Amino acid sequence: MDWVPSNVVDALALSHQLGIFTHIATVPPLRVWFGVEDIPITIESVDEGGAIYQGGGRLIGLPTLEVLVNGTADAVEFTMSGIDPATGAALISSIPPVRGADVYVGITTLDDYYQPMSHIIPLWRGTASHTTEASPTVVGQQNRTTTLGLSIASGGETRSRPSRSLWSAAQQKALSPTDRFCDNTSRMARMVQPVWPNY
Amino acid sequence: MALIGLPTVFIDFLAPEKVQVDPKGGAQEGGRPLVGEPAAADISGGGFLTASYDGCKITTEEQHEYVNLLGARLNFGFRNINVPIPTDWWGPFPKIGGIRAPYVTNIPHSDGSTFSDGAGYSQATVSGEVTSSAALRAGVITLTTTGMDRRLRHSDWFSIYHPTKGWRAYRYWEVISAPSGTNGSYTLAISPPLREAVTAGTRVEFARPRFVGRFPSDFTLPSITEAFFVTKQDIRFVEA
């Protein structure tokens, strides 16, 4: 069978109803889809039977998905706006441990009677990295909004991995305490011809 | 916030000039194609209901008080209220005195007497009942009706009182099967899909369908006092 079933492909070729689903594997998992109200549906072998995806279409922003599906970015940010600053602060402080959790994004189409035409087809898998919060200043009659974000990386691109700016012995020993690989780098500089050590 | 056990907006008392009820959703476009008309991709899965009561004529003291109550309760959009949809004039109700009547009023006690103030009981003229249970987000329901004056044929609003999601309004977009007479067992394809699973025997309400609503986040209802005490106000709701 194809990864995307042929009936879904056929539906996508015409005007259709698209369901976009996100599963964040925290404990308990967060299941959100981008429509309105709840929908019972599963990702095979990821969700247990009877899982219900909550309708988050009024909260969650969509624009990052295009970047994500086309694979031109290795980290994307899911945002949620329309909450007041106090709620946002409470959410951030009470959020379950999210770093390193698997994140799945999948789609399926809905038929004329709003029923999903297949299981959720997982298109993208990432790893949750860190949360962000922003509440820009507004002027006049504009509504103040808070935007909460969850940065999600694909592959091994987590923000927690330190990068070395200098190949110094101190930095190398911070990562691997017994490694002496960089011990003699201080002797190396431009215009210096080091003598190959003879241990 | 609470979705059940809510009061209902007194729509008759507010006397709006125009009531608009419309499901809103989100459709994505992929940009303008060569032929100029892009394909539609709805991502909301049925959308959510919005309603607006336009030109509510506020004249009496009590109406001013009531508008003040609505503003006090609903401003900032975090408290809910049941929002009725006035279908009295074109719903499937029998005609009493030449006008379609969703309710029979002034029903006396069994001995023919009324309450001390002259009022009687009232009762909906049309009743419906779900005949087989349907799952969360089902798009097709079966129901049986009594008391209708005409068949369910094009589309009508109705509502169901769910145990946790409260009142939700639906309408049908396709009659899949219908009884031979006016009343009986119908199978209807509904829009939007069911907000909560229903069991057989759940009442389907055709008289004044209603849904749990709140104010949109960009809307507040001001308390207005105008010279000569006549003012008109628009009130907007979205499904909670």
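Me: Which residue of strand 4 of chain B is the bridge partner of B:Lys24?

Reply: B:Lys24 has B:Phe48 as its bridge partner in strand 4 of chain B. This is a predicted model, in which local features need pLDDT of at least 70 and side-chain atom pairs count only at pLDDT 80 or more, while totals for chains, interfaces and linings use all residues. Residues are numbered from 1 along each chain as its sequence is written; chains are lettered from A, and ligands numbered from 1, in the order in which they are written.

Me: Why are strand 1 and strand 4 of chain B said to pair?

Reply: Strands are DSSP runs of E with at least two residues, helices are runs of H or I with at least four, and both are numbered from the N terminus. Two strands pair if DSSP finds at least two bridges between them. Strand 1 and strand 4 (residues 48–58) of chain B run antiparallel and are joined by 7 bridges, so they meet the definition of a pair.

Me: What makes strand 1 and strand 5 of chain B edge strands?

Reply: The open sheet has 5 strands in the order 1-4-17-16-5 (chain B), paired antiparallel. Strand 1 (18–24) and strand 5 of chain B each pair on one side only. From one strand to the next, the twist averages 40°.

Me: Which strands does helix 2 of chain B touch where it packs on the sheet?

Reply: Helix 2 (residues 61–74) of chain B touches strand 4, strand 5, strand 16 (210–214) and strand 17 (231–239) of chain B. Its direction makes about 150° with that of strand 4 of chain B. Such angles run from 0 to 180 degrees between N-to-C directions, and the axes are lines fitted to C-alpha atoms, for helices over the stretch in contact.

Me: Why is B:Pro94 called partly exposed?

Reply: A residue is buried with 20 or more other C-beta atoms within 10 Å of its own, exposed with 12 or fewer, and partly exposed in between, the C-beta atoms being placed from the backbone. B:Pro94 has 14, so the label partly exposed applies. B:Pro94 lies in the loop between strand 5 (81–84) and strand 6 (95–96) of chain B. Beyond four places in sequence, its contacts (C-beta atoms, placed from the backbone, within 7 Å) are B:Ala101, B:Thr125, B:Gly147 and B:Asp149.

Me: What makes up the largest nonpolar core?

Reply: A nonpolar core is a set of buried Ala, Val, Leu, Ile, Met, Phe, Trp, Tyr and Cys residues joined through C-beta atoms within 7 Å. The largest has 44 residues, and B:Leu49, B:Ala51 and B:Phe237 are among those that touch the most other members. Strand 4 of chain B gives the most to this core, with 6 residues. At least three residues come from each of domain 1 (1–28 + 42–86 + 211–240) and domain 2 (92–104 + 125–207) of chain B, the bounds being from an automatic or database domain assignment.

Me: How many residues does each chain bring to the contact?

Reply: Chain A and chain B each bring 21 residues. The chain B side has 10 nonpolar, 7 polar and 4 charged residues. Here Ala, Val, Leu, Ile, Met, Phe, Trp, Tyr, Cys and Pro count as nonpolar, Asp, Glu, Lys and Arg as charged, and the others, Gly among them, as polar.

Note on methods: Contact = placed C-beta atoms within 7 Å.
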